[in-house]
Amino acid sequence: MTISPQESIKAAKSIGNQLATPVLVVCLIFSVLSALYCTFIIYQKHSRFQSEIRAQVQQQTFSAAQQVGDKLAATMSAVDNFAQSITALEDKQLVPQMVEQEFNNNLDLFSLNVTFHPYKFERYTRYFSPYFERLTGVDRQFNLVDYDKPDIEFSWYHRPLKEGPIWTEPYYEPQNSVLMSTYSVPFFASVEAQRNGDAPIGVVPSDVSLDYLTTSLKKLKFGLGGYGTIFSTQQNLISHPVFSFVREGENAASLSEHSEFKFLKKVQGCFAADLTYLFFNGETMDNDEHYAACTKIPHTDWVLITRMSADMFEMDKDARRQMNIVAVSCYAAALMFAIFLLTRQRKINWTQNNISVSLILVFSTVTVLEFARSFNSIEEDSTVVITSTAQREALETSYRNRMLQMRIAEPNYVATGIYVESIEFVNANNVHLTGLVWQKLTAKQRDVIPASVNFNEAIESTITEQYRKELNDGGLVVGWYFSVITRQQFDYSKYPFDHKNIVLRLKGADLGSSIVLVPDLEAYEKLGKRDNPAMAKDIVMEEWRLKQSYFKYTFQNYNTNFGMDSFVNQDISPELNYSINIEREFLGPFVTTLLPVMVMVCLLYACIVSMAYTPYGDLRNNITAVVFTILLAHYSIREHLQIDEVVYFEIFYFLLYFLASIFMFIAHKYYKAQATRGNAKLYKKIAGIWFWPVLTTLIFMTTISTYY
């Protein structure tokens, strides 16, 4: 039996109609499941990431508190044992020899003192309080008096007699000009008197310098840029990387007015009496820049607050962007398959179908572009951002420890500041910047270090000294006006939704000198990334918008010592940079680039829908004219950017060339079918209805391939 071609076609259509609905249902189910799976993976990764952050912050916080507690415990143990020895001593006249001997033998003690209650050491001696200390590095001996007066500075004497062993609130000791806290333990006339509950006859105090405690805390590992602070029971600041804050004797309430301590208002729970541990994520902190945690230091009621840079725990932005784009694609596919099913069931017509599909693809494209903008990686993992004096001090400490491990002499840290007044793109890779740069030399540094600064990657630079001023502390500040053209490799492939990271690379003028430039943060009012501390407020950015700017360090790896034996740290050389992150304003490219393309797309569509009413020659001329206009616009954007690579928005022009060619071919088939009395309506339907779905599909796929 022979089947005719017409019957074969009819049978194929019948089978296709029967399979279409099940296939669409399967595709819809698969797309929905894929979308839900992607959503679950995104949520799971986010939750796991947050859990890992919490665990890591908690571990580091508890470890730091334990290490500080261990240092304090060493002092407490020594003082407790010595107080018991004094109590057990039958002849208290031997106390002066004992305290001197213990002080000389135990070099971990900064001070040691035995203070008797008035007239308890000798009947006719009111004050007896031998005090030995090495707080300033030199051994000294005093006999303290007037300690029975009810002044707050003598709380180390009065409180232990009533409360037992205590750590005092921080106080200023005028004889050594040092801030300190004292651990003080009572002692008794005898072991039996202590057992019977008799009143103590004196106290054994030992001082701990807060400067020493701050130095010890800076040695702990919070990551580059991270740091810890300690507050006393009465919320007085005990330790901070910048010791000047401690020296001023402020408490949490007054410190919270400083920009450096604004976060204290958000972590008030840390000062609760029943504190065990609290964690604060980036949303709680300023500008999502830090995580914080707090706990009590063992053996005390002091509170340790750790701050760690969010950059240390930042999830891979590329992975997040890619997973989000996959999820958007799955949701878009599910919606489109649902629309195709509705069309198969004749609940919507093909015109409504294609309009809906086009809108879904346009919305999905915009969503992908937003993910590309939000999850944009700019800085490298090795970059250390500095947005506070504490981070600067922490980095200096970390680098100093690294130098000690390598047995390299510690470098001179020279405070350097910058103020950018203008930015202009000379071409695609060259940027012209002007402004002021200055250096502050201490009284010691100015005798051995010349004030000098230069810029790496500068192809043209003019640096002119503007001022030279003596500082009150004997230091020197020198300022220069700079005009620099720096050359960098920028990525334009994502134009017009692109970001640029302009980096000013500062260096000392003498190559190989033992100098590390550090940001002069004290010269700025605000230091946050979004505060743009070194940028003029009225700076003109043309088609760009300033997102954030900040100081940072990059560790340069040189594979040479440039012929100098003194250049020994080529593998870990820290270079001070100032990063300026800018984002292209969309309005300019929209008017100059996107709007003309939209007009040309509409003109091309108008040519296609008017196919039935336009002679073939006129239609061909109209499409040719549109294509010629597209060529001019394409040339204009290439001339504007002056780059070699193909950018995202440029692909739109290639799509228009492709569509114009395809629909020119369809028009040819349409007119030919009309002339031969063929199925001209088929070509008209293809041209009129499928124009927008095809265009939006190509744009969506192009966007995914560019930003994935």
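Modeller: Let's start with one term: a contact means heavy atoms within 4.5 Å. Keep in mind that this is a predicted model. Among contacts in the chain between residues at least 6 apart in sequence, 65% join residues at least 24 apart.

Colleague: How many helices and strands are in the chain?

Modeller: The chain has 15 helices and 23 strands.

Colleague: And what share of the residues counts as buried?

Modeller: That is 48% of the 708 residues. The chain exposes about 35,600 Å². Carbon and sulfur atoms supply 55% of that area.

Colleague: New topic, sheets. In what order do the strands β1, β3 and β4 stand?

Modeller: The order is β1-β3-β4, in an open sheet. The pairing is antiparallel.

Colleague: Why is one side of β1 and of β4 left without a neighbour in the sheet?

Modeller: β1 (111-113) and β4 (140-143) stand at the edges. Each has a single partner strand, so one side stays without a neighbour in the sheet. From one strand to the next, the twist averages 15 degrees.

Colleague: Over how many bridges do β1 and β3 pair?

Modeller: Three bridges, in the antiparallel sense. β3 covers residues 130-133. In this pairing, N113 stands opposite Y131 in β3.

Colleague: What about S111, buried or exposed?

Modeller: S111 is in strand β1. S111 has a relative accessible area of 0%, so it is buried; the cut-off for buried is under 20%.

Colleague: Which residues does S111 touch?

Modeller: Leaving out residues up to four places away in sequence, S111 touches F103, Y131, F132, E133, S206 and D207. With D207 there is a polar contact too: the side chain of S111 reaches the backbone nitrogen of D207 at 2.7 Å.

Colleague: Now cysteines. How many disulfides does a search of the whole structure find?

Modeller: One. C270 and C294 form it, with their sulfur atoms 2.1 Å apart. A disulfide is a covalent bond between the sulfur atoms of two cysteines.

Colleague: Where in the chain do C270 and C294 sit?

Modeller: C270 is in the loop between α7 (252-255) and β11 (277-280). C294 is in strand β12, residues 290-296.

Colleague: What is the handedness of the link?

Modeller: Left-handed, with -90 degrees about the S-S bond. C270 is buried at 0% relative accessibility. C294 is buried at 0% as well.

Colleague: Last one, T39. Which helix is T39 found in?

Modeller: Helix α1, which spans residues 5-88. T39 counts as partly exposed, at 34% relative accessibility. A polar atom of the T39 side chain lies 2.8 Å from the backbone oxygen of A35.

Colleague: How many residues apart in sequence are T39 and V326?

Modeller: 287 residues. In space, the distance between T39 and V326 is 9.6 Å, C-alpha to C-alpha.

Notes
Residues numbered from 1 in each chain as written. Predicted model: local features only at pLDDT ≥ 70, side-chain atom pairs only at ≥ 80, totals over all residues. Heavy atoms only, no water. Pairing = 2+ DSSP bridges. Helix = DSSP H or I, 4+ residues; strand = E, 2+ residues; numbered from the N terminus. Axes fitted to C-alpha atoms, helices over the stretch in contact; angles between N-to-C directions. Disulfide = S-S within 2.5 Å. Buried < 20%, exposed > 50% of the residue type's maximum accessible area, 1.4 Å probe, protein only. Areas by Shrake-Rupley, 256 points an atom, 1.4 Å probe, with all protein chains shown as cover. Polar contact = N/O pair within 3.5 Å; in protein donor to acceptor, adjacent residues only side chain to side chain.
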